[in-house]
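What follows is a walk through one protein model, going from a pair of aromatic rings to the chain as a whole. Please look at the sequence and the structure before reading on.

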Amino acid sequence: AMASEGGAYRLRCSLVGHGQDVRGLTRSLFPQGGFVSVSRDRTARLWTPEGPNRGFTEMHCMNGHSNFVSCVCIIPPSDLYPRGLIATGGNDHNICIFTVDSPAPLYTLKGHKNTVCSLSSGKFGTLLSGSWDTTAKVWLNDRCMMTLQGHTAAIWAVKILPEQGLMLTGSADKTIKLWKAGRCERTFTGHEDCVRGLAILSDTEFLSCANDASVRRWQISGECLQVYYGHTNYIYSISVFPHCKDFVTTGEDRSLRIWKQGECAQTIRLPAQSVWCCCVLDNGDIVVGASDGIIRVFTESLERTASAEEIQAFENELSQSSIDPKTGDLGDINAEDLPGREHLKDPGTRDGQTRLIKDDGKVEAYQWSVSEARWIKIGDVVGSSGATQQTSGKVLFEGKEYDYVFTIDVNENGPSYKLPYNITDDPWLTAYNFLQKNDLNPMFLDQVAKFIMDNTKGQTLLSTSSQFSDPFTGAGRYVPGSSSGSSNVPAADPFTGAGRYVPGSASNAVTPMGGVDPYTGMGAYRSAAAKDENIYFPKKDAVTFDQANPMQILGKLKELNGSATEEHKLTEDDLIILEKLLSATCNTSAETPTAQQIQTLWRAIHWPEGKYFQLLFVL
């Protein structure tokens, strides 16, 4: 039964099972009162309540994805599957469908070209999926029925509305779209950043949350009815209480917030930076998943509340967590002006209010609990986290998540380019694709690949016997802060901490943090001219390329030839000879270059310094 109205939520239990961040949660239809969780550890787990009170037991662990699992939903029961099905989406671009009693997938849906990060089910077995490939897909059983195209960036959130045929998608392009029978009927604009979550209130109303730290309530007709503010950072997840318009949200400010009658009624801080996901159970209890890999359940019911010892252990863990002031979650902090411990004698004015004090040279953060009429310590404010991107999670670039996003300055005066990189990527392939995408000189390949490796030191993956590294269990895998045995570095805020991207920052700005700003800090690429010593030239061995664009090389040759002096200028016949040579080389044909072709090339290589560079590609 629902707990009595107006009570405060307190810890029910903490569940340890996942090895990494818990990224998705949904209540299960079977077993009743249970839920399903998915994680970066590549597994989904089904949890069942242990009797009427307190704990949950892991019923079984489902494996089927070859990469992180990002989202989960339940497909309602059918004649064929009376207990319903479980659908999970992952970074391997696939959707796995499980029965509730098998650890292996019943079948796998393939079709998306990038991470599947959101799922929603409708009547009659329909499934809606959203992906970083900017599309949403509608599935029926094991077939893709239609693809919804129209967003210009990753689709982070999808929902099927109660009215048949209506679907919602929320995207990193800051918009929400309403679809009917595969056509976009309406676009909702208002959010100022990536839309991360959607929740249905009724046939005609829905909620959205976004990286702009706001929640919006919308009418299907297009009108924004209300904007809710409370979070101080990205909001990742939103879930509605059964049979009412109250809801819960979680985000990057280490908090779960409970909203009643349009107001933030309670704020619960967690000892983890990123609170990725939440769901509400039928009895009104709230389940949350976070970057420390722990699932926590909160309840209003006194019968289901954790023991005093468990609550004390949770508060102790919370009080020992480090808060990075650069996140801005606690406002501007000037340690010199802070009051002492006596400041905590005055009661707070609202639930969730934070107060900073200085005690013995340390800055501590406290939060007011209305229900308990006391200040609860939520952590120590640390001047510098010393964290790296490796311990702090992911950076968003073009609506997708990466371990790093570097700024590359190719020329002193030219434009700078963004280079996104995951530690599971091959640095050489990433460098090659980066140069191709930005139409940059392939001669930079060595330099860019070495730059990536130098700036991700300690986070490259262990080689295995087959010379490929396991991106999920190797040394470079992501390890959540609390369960990490390999890192003593406290986690920083992946979006607003030291490693965040600051618009307008100078490209060589130095961040005051121990962690390096991957966009504009020490990690930003500086051109060779800015270094005292050049480790790349002179080049004493040949650089070979597997691919080249002969037309581009020839075009540049003709351009340079046009400005060459008479004694060095090549004739039209010479250019035709070089074109044939280029064509043969690029097509890796068995043709051997003729003496005439080699002679022409040799003549061209004796162009004045600065002009023959393009000819080296032919060699």
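Phe406 counts as buried, because its relative accessibility is 1% and the cut-off for a buried residue is under 20%. The model that contains it is predicted. Tyr404 falls under the cut-off too: its relative accessible area is 6%, so Tyr404 is buried.

These two residues also form a ring pair. A search of the whole structure gives 17 aromatic pairs. In the pair of Tyr404 and Phe406, the ring centres are 5.3 Å apart and the planes meet at 10 degrees, so the pair is stacked; planes under 30 degrees apart count as stacked.

Tyr417 and Phe434 make an edge-to-face pair, with 6.3 Å from centre to centre and 85 degrees between the planes. Which parts of the chain does this pair link? Tyr417 belongs to strand β36, residues 416-421, and Phe434 to helix α3, residues 427-437. The two residues are 17 residues apart, and their pair links distant parts of the chain. Both Tyr417 and Phe434 are buried.

Phe35, Trp47 and Phe56 together form one aromatic cluster. Two arginines lie over ring faces: Arg23 over that of Trp276, at 3.7 Å from the ring centre, and Arg40 over that of Phe68, at 4.1 Å from the ring centre.

Next comes a helix, α1. This helix covers residues 308-319, which makes twelve residues. Which residues of α1 are buried? They are Ile311, Phe314, Glu315, Leu318 and Ser319. Seen down the axis of α1, these buried residues fall within an arc of 135 degrees, so they line one face of the helix.

Finally, the whole chain. The protein chain holds eight helices and 36 strands. It has 619 residues, of which 52% count as buried. Among contacts with a separation of 6 or more, 48% are between residues 24 or more positions apart. The chain exposes about 28,300 Å², and carbon and sulfur atoms supply 49% of that area.

Conventions: Residues numbered from 1 in each chain as written. Predicted model: local features only at pLDDT ≥ 70, side-chain atom pairs only at ≥ 80, totals over all residues. Heavy atoms only, no water. Helix = DSSP H or I, 4+ residues; strand = E, 2+ residues; numbered from the N terminus. Expected span 1.5 Å × (residues − 1). Buried < 20%, exposed > 50% of the residue type's maximum accessible area, 1.4 Å probe, protein only. Arc of directions from axis to C-beta. Contact = heavy atoms within 4.5 Å. Areas by Shrake-Rupley, 256 points an atom, 1.4 Å probe, with all protein chains shown as cover. Phe/Tyr/Trp six-rings, centres within 6.5 Å; stacked < 30°, edge-to-face > 60°. Lys NZ or Arg CZ within 6 Å of the ring centre and 35° of its normal.
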